[in-house]
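Colleague: I would like to work through a few features of a model and learn how to read each one. Please give the general idea, then the case at hand.

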Amino acid sequence: MQAWRVHRNGEPNEVMRLEETDRPTPGDGQVLIEVLAANINFPDALLCRGQYQVRPPLPFTPGVEICGETPDGRRVLATPALPNGGFAEYAVADEAALLPAPEALDDAEAAALHIGYQTGWFGLHRRAHLQAGETLLVHAAAGGVGSAAVQLGKAAGVKVIGVVGGPEKAKTAHELGCDLVIDRRTEDMVAAVKEFTGGRGADVVYDPVGGDAYAKSVKCIAFEGRVIVVGFASGGIPTPALNHALVKNYSIVGLHWGLYNTKDPAAVRACHEELTVLAAQGVIKPLISERVALDGAAAAVQRVADGTSTGRIAVLPGGAR
């Protein structure tokens, strides 16, 4: 089969190589899956760079979430077991963690429903206890993780402020349904949030960016607000001033969705059932900005790494469709 493999760490477009290799062999409790679509996530770039919390042995195939078909014909969502990731014609995954692919979504959309939407749902509902009528601030609102949070926020009946970088991403955020879009490159985010909320601030901040995004967020957080720390796409890991959290009475909440797979898998399945219903109703629909063939994966991962993409990019080993 064909698979992208990383033999040394570095930038994705420099270290990912498309090679002919053997199909991976499933271990105990695993199943071989034909990859129908693999969704590109920022962690795929971190894996290539050797900066992710998991460092698979070299060489490895990146690709952390897929929609695929099992040998018995089931169409499923899976998080492949590294080092045999999803940017390949076949991958392996734990049988117990497979989820049925929603019928309302095509392969690329289904692949993108998994990690980003699960992270959004757990962050907003399980960790932040988002309530109808509140105001949600989403950083990188036009990206894969952010766009999912925007849709889930609108589905929950809240006002959504989307923060983006540049006019093209601002257009995408408006189309997603954001009630206010702030271009961080040209606008004062703190002033804009305070003006929009009548001085109250945002009740919940969804932050997959870190760095300056976090620092500005706590300057416009509401009384009893919650900052959901999802990731650090900017490369800057904040060092929160806990005296500030105390004085302003807000919460800093960490979210590592992957832990739920081992700590509370039933919650993951329950979340997937709810997401499937929302997808069937048309309330949520993953934003797929590009569908690329397998040979375009390295360049696409680099675009995600550079922050130039919007929504999700899907890799289709069977050809772009």
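Modeller: The model is predicted. Start with Gln-302, which counts as buried because its relative accessible area is 8%, under the 20% limit.

Colleague: Where is Gln-302 found, and which residues does Gln-302 touch, not counting residues up to four places away in sequence?

Modeller: Gln-302 is found in helix 12. With residues up to four places away in sequence left out, Gln-302 touches Glu-11, Pro-12 and Asn-13.

Colleague: How do the axes of helix 2 and helix 12 cross?

Modeller: Helix 2 covers residues 42–49 and helix 12 covers residues 297–306; their axes come within 8 Å and cross at roughly 100°. Angles of 65 to 115 degrees count as roughly perpendicular, so helix 2 is roughly perpendicular to helix 12.

Colleague: Which residues make that contact between helix 2 and helix 12?

Modeller: Helix 2 contributes Phe-42, Asp-44, Ala-45 and Arg-49, while helix 12 contributes Val-301, Val-304 and Ala-305. By class, the residues of this contact of helix 2 with helix 12 are five nonpolar, no polar and two charged.

Colleague: Which residues of helix 2 are buried, and what do the buried residues pack against?

Modeller: Asp-44, Ala-45, Leu-46, Leu-47 and Cys-48 are buried in helix 2. The buried residues of helix 2 pack against strand 1 (2–6), helix 1 (12–15), strand 2 (16–20), strand 3 (30–39) and helix 12. After helix 2 comes Gly-50, with a positive phi near 75°.

Colleague: Cysteines next. How many disulfides does a search of the whole structure find?

Modeller: In general, a disulfide is a covalent bond between the sulfur atoms of two cysteines. Here a search of the whole structure finds zero disulfides. Cys-271, for one, is in no disulfide: the nearest cysteine sulfur, that of Cys-67, is 17 Å away, whereas a disulfide needs the sulfur atoms within 2.5 Å.

Colleague: Are Cys-271 and Cys-48 buried or exposed?

Modeller: Cys-271 is buried, at 1% relative accessibility. Cys-48 is also buried, because its relative accessible area is 0%.

Colleague: Which residues of helix 4 and helix 11 meet, and at what angle do the axes cross?

Modeller: The axes of helix 4 and helix 11 (residues 265–280) come within 10 Å and cross at roughly 100°. These two helices are therefore roughly perpendicular to each other. From helix 4, Tyr-117, Gln-118, Trp-121, Phe-122 and Arg-126 meet Ala-267, Val-268, Cys-271, His-272, Glu-274 and Leu-275 of helix 11. The contact of helix 4 with helix 11 has seven nonpolar, two polar and two charged residues.

Colleague: And aromatic pairs: how many does the structure hold?

Modeller: A pair of aromatic rings is described by the distance of the centres and the angle of the planes. The structure holds two aromatic pairs. In one, the ring centres of Trp-121 and Phe-122 are 5.5 Å apart and the planes stand at 80°, so the pair is edge-to-face. In another, Phe-122 and Tyr-260 form a tilted pair, 4.2 Å centre to centre with 35° between the planes.

Colleague: Which parts does the pair of Phe-122 and Tyr-260 tie together?

Modeller: Phe-122 lies in helix 4 (residues 115–127) and Tyr-260 in helix 10 (residues 258–263), so the pair ties together parts that are 138 residues apart in sequence. Trp-121 and Phe-122 are buried, and Tyr-260 is buried too. Ring pairs link Trp-121, Phe-122 and Tyr-260 into a cluster.

Technical notes:
Residues are numbered from 1 along each chain as its sequence is written. This is a predicted model: local features need pLDDT of at least 70, side-chain atom pairs count only at pLDDT 80 or more; totals for chains, interfaces and linings use all residues. Side-chain values use heavy atoms; hydrogens and water are left out. Buried means under 20% relative accessible area, exposed over 50%, partly exposed in between (1.4 Å probe, protein chains only). Axes are lines fitted to C-alpha atoms, for helices over the stretch in contact, and angles run from 0 to 180 degrees between N-to-C directions. Helices (H or I, at least four residues) and strands (E, at least two) are DSSP runs, numbered from the N terminus. Angles under 35 degrees count as roughly parallel, over 145 as roughly antiparallel, 65 to 115 as roughly perpendicular and the rest as oblique. Contact means heavy atoms within 4.5 Å. Ala, Val, Leu, Ile, Met, Phe, Trp, Tyr, Cys and Pro count as nonpolar, Asp, Glu, Lys and Arg as charged, and the others, Gly among them, as polar. Rings of Phe, Tyr and Trp (its six-membered ring) pair if their centres lie within 6.5 Å; planes under 30 degrees apart count as stacked, over 60 as edge-to-face and the rest as tilted.
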